[in-house]
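User: Hi! Could you walk me through this model?
Analyst: Happy to, here it is.

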Amino acid sequence: MRRLLLSLLLGLSLSAPALGAPLTLKMCIFDHPFPPMTLPDGSGQAQELLRRASRLQPVLIQNVVKPRFDCMEQLRTGQVDAMLAAFIEDRTSYGAFPMAGSQPDTSRAVGELNFSVSRRQGGTVEWDGRRFHGLGRQPVGTQPGLLHVALLRQLNVVIDDSGGSPEQVFAMLAQNRVAAVVTQQGEGEALIADKYRGQIEMLPRPFIVTPMYLIVNKAFYQKNQAQVEAYWDAIRQARGGK
């Protein structure tokens, strides 16, 4: 009888999932440095924050390194579970953000991204934080599909979004094809320091500062809602929030 009971207990322990088992999260990170938030080797500020949060709420992150647009497409189709992204309304059709009522919960963001305006050294284009001066109908270069493209359209700015990478966008500026460019600040600073020192300068006022979130595939969120919400809470705690 005791052997039978022991066998039953062993069978249950082998077949039932462990209580409190970590949530496995397949996360897509960009194959291009996106400083200071993410780096392909996993050493970005946001990546370190996620590791600290994982010690508060058990989550096993499996990194998949892809180009930025591949990450977004694989999140949309469910090939990956999560990525880091700014809040755009269109993304809520396939992705879940940490929310506070009807708005994204900035207290559970992984940090903030600065997008900045750069021009050729000594150029006349200015950005005062609200509008461009000295631009006229000259084009502004940027990458397609990013948050600030919609803001440029709202300003009735001529846009050239044919650059597929920050390197291509800055090359357009250096070749006089555009009068200014809008890029993520860390990417722009790195390119200026490495390749365009004395040729291109970044203007002091940011174009936009926006929170960056851990966005989760909607189907994955619905299946693991309690654990995902708890992890978003852990991100807030790891950042020093309550």
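Analyst: A nonpolar core here is a set of buried Ala, Val, Leu, Ile, Met, Phe, Trp, Tyr and Cys residues joined through side-chain atoms within 4.5 Å, and buried means under 20% relative accessible area with a 1.4 Å probe, protein chains only. This is a predicted model: local features need pLDDT of at least 70, side-chain atom pairs count only at pLDDT 80 or more, and totals for chains, interfaces and linings use all residues. Residues are numbered from 1 along each chain as its sequence is written, and side-chain values use heavy atoms, leaving out hydrogens and water.

User: Which residues have the most contacts inside the largest nonpolar core?
Analyst: Those are V110, F132, L214, Y231 and I235, in a core of 59 residues. Strand β13 (residues 200-217; strands are DSSP E runs of at least two) gives the most to this core, with 8 residues.

User: And what does V110 touch?
Analyst: Leaving out residues up to four places away in sequence, the partners of V110 include L84, L214 and I235, with contact meaning heavy atoms within 4.5 Å.

User: New topic: how many disulfides does the count come to?
Analyst: The count comes to 1 disulfide, taking a pair of cysteine sulfur atoms within 2.5 Å. It joins C28 to C71, S to S 2.1 Å. C28 sits in strand β1 (residues 23-30) and C71 in helix α3 (helices are DSSP H or I runs of at least four residues), 43 residues apart.

User: Why is the disulfide left-handed?
Analyst: Because the torsion about the S-S bond of C28 and C71 is about -75 degrees.

User: Are C28 and C71 buried or exposed?
Analyst: Both C28 and C71 are buried.

Key
Buried means under 20% relative accessible area, exposed over 50%, partly exposed in between (1.4 Å probe, protein chains only).
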